[in-house]
Amino acid sequence: MASWVDQGLLKGHKTPTGRRRVQTDDLVAFLRAHSMVVPPELEQGDRTPRVVVVEDDPGYLRALVRTIEKSADLEVEVVEATNGVDGLLEIGRVQPALIVLDYALPDLNAAQVIQRLLEPGRRSDAEVVVITGGMPDQAAQRLREMGVRVILNKGEGMAAVVEAIRQALRRRKAA
């Protein structure tokens, strides 16, 4: 696949670490155009929305994922990451409908992750919900300027996060 991307036959991009990333839709189109078999997991028919949760606190992450998965009306696939770099890799890999992003991560903060998502060549259209134990007002303002619609304090509880996810997915479906 890397040589197809390098030759310009398959639309994709190269990461700073030298890996190639290809959008699912582009790969499916390429496979069909070249009469190759499309794996069933790449078919778009009944695709469950994916939510990438990036959180470094293992207890909070476990509780949040369990709460999301147990919410009867949320039919999503949850993908976890525990730092900003892994979060960016997972976001690129699964192309989520939504990203739930802790503000303070061990390697990058939420603004730095979002900045990388906004770089030219990235095709993420996922909405971002930022969760935080607290942040300066300037940081919240910067996040809003970057397009973040929802910033929640972890003290508001898991129910508030789940409701924010529910609303974000409704907005996406309506769009």
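Select strands E3 (50–54) and E5 (98–102): they run parallel and are joined by 4 bridges. Helices (H or I, at least four residues) and strands (E, at least two) are DSSP runs, numbered from the N terminus. Two strands pair if DSSP finds at least two bridges between them. Within this pair, Val-52 stands opposite Ile-99 in E5.

The model is a predicted one, in which local features need pLDDT of at least 70 and side-chain atom pairs count only at pLDDT 80 or more, while totals for chains, interfaces and linings use all residues. Residues are numbered from 1 along each chain as its sequence is written, and side-chain values use heavy atoms, with hydrogens and water left out.

Stay on E5 and show its side chains. Are they buried or exposed? Of the 5 residues in E5, 5 are buried, where buried means under 20% relative accessible area and exposed over 50%, with partly exposed in between (1.4 Å probe, protein chains only). Leu-98, Val-100 and Asp-102 point one way, and Ile-99 and Leu-101 point the other way.

E5 and E6 pair in the parallel sense over 5 bridges, and Glu-127 in E6 is the bridge partner of Leu-98.

Now show the whole sheet. It is open, with 5 strands in the order E4-E3-E5-E6-E7 and parallel pairing. Strands of a sheet pair through backbone hydrogen bonds, either parallel or antiparallel.

Move to helix H3 (residues 58–70). At 1.5 Å a residue, its 13 residues should span 18 Å, and the end C-alpha atoms are 18 Å apart, which agrees; the expected span is 1.5 Å times one less than the number of residues.

Select Tyr-60, Leu-61, Leu-64, Val-65 and Ile-68, which are buried in H3. Seen down the axis, the buried residues fall within an arc of 125 degrees, so they line one face of the helix; the arc is that of the directions from the helix axis to the C-beta atoms.

Methods: Contact means heavy atoms within 4.5 Å.
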